[in-house]
Amino acid sequence: MRPTLDRREAERLVNTYADSILRLSYACLGDTQGAQALCQTILRQRLEQGACLDDPAKERLWFLRATFRACQKHTTLDPAAKGRVAWFLCEGEGLSHREAARVMGGFPGTVAALLQETDGEEGAR
């Protein structure tokens with residue numbers, strides 16, 4: 001049996017996470033329509049699962065991980081996209097290298113290296 005979708009919970013999730021999901025999706029996919037479709041899918045998935053997570057930090061990381069994994073299913077991320085994702089997670093979302101690595105399924109040192117490469121690309125422009 002499917003859980004009942006609660007309108008208030010749906011509004012809370014959209015208001016709290018939609019922007020982050022859209023921005024992360026766009027950093028991965030580089031496509032506005034794809035990012036919007038993925039955002040709807042991720043939010044619907046969370047609502048259909050029913051009970052929300054009690055800890056806002058864990059809930060936030062769940063959304064970021066689910067978004068990143070969904071993006072990986074749609075496309076192969078090139079190094080530039082991985083750098084954008086690392087930058088977004090650390091600078092845009094304020095995650096530590098360790099938290100960003102958990103989202104990306106890697107290591108904190110990899111995130112640091114991606115950020116250094118991204119800074120180098122920005123300086124070369």
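A nonpolar core is a set of buried Ala, Val, Leu, Ile, Met, Phe, Trp, Tyr and Cys residues joined through side-chain atoms within 4.5 Å, where buried means under 20% relative accessible area with a 1.4 Å probe, protein chains only. In the largest such core here, which has 35 residues, Ile-42, Phe-63, Val-85, Leu-89, Met-104 and Val-111 touch the most other members. This is a predicted model, in which local features need pLDDT of at least 70 and side-chain atom pairs count only at pLDDT 80 or more, while totals for chains, interfaces and linings use all residues. Residues are numbered from 1 along each chain as its sequence is written, and side-chain values use heavy atoms, with hydrogens and water left out.

**Fold and surface**
- The protein chain has 6 helices and 0 strands, taken as DSSP runs (H or I, at least four residues, for helices; E, at least two, for strands) numbered from the N terminus.
- Of its 125 residues, 37% count as buried.
- Among contacts (heavy atoms within 4.5 Å) with a separation of 6 or more, 64% join residues 24 or more positions apart.
- The accessible surface, from the Shrake-Rupley method with a 1.4 Å probe, comes to about 7,700 Å², and carbon and sulfur atoms hold 50% of that area.

**Core**
- The largest nonpolar core has 35 residues; two or more of them come from each of H1 (7-29), H2 (32-49), H3 (56-74), H4 (79-92), H5 (97-104) and H6 (108-124).
- H3 gives the largest share of this core, 8 residues.
- Leaving aside residues up to four places away in sequence, Val-111 touches Ala-86, Cys-90, His-97, Ala-100, Ala-101 and Met-104.

**Helix H4**
- The 14 residues of H4 should span 20 Å at 1.5 Å a residue, which agrees with the 18 Å between its end C-alpha atoms; the expected span is 1.5 Å times one less than the number of residues.
- Buried residues of H4 are Ala-81, Gly-83, Val-85, Ala-86, Phe-88, Leu-89 and Cys-90.
- At the N-terminal end, Asp-78 caps H4, with a side-chain oxygen 3.2 Å from the backbone nitrogen of Ala-80.

**Cysteines**
- With a disulfide taken as a pair of cysteine sulfur atoms within 2.5 Å, the count is 0.
- Cys-71 is in no disulfide, and the nearest cysteine sulfur, that of Cys-28, lies 3.7 Å away.
- Cys-71 counts as buried because its relative accessible area is 0%.
- Cys-39 is also buried, at 6% relative accessibility.

Terms used
Buried < 20%, exposed > 50% of the residue type's maximum accessible area, 1.4 Å probe, protein only. Polar contact = N/O pair within 3.5 Å; in protein donor to acceptor, adjacent residues only side chain to side chain.
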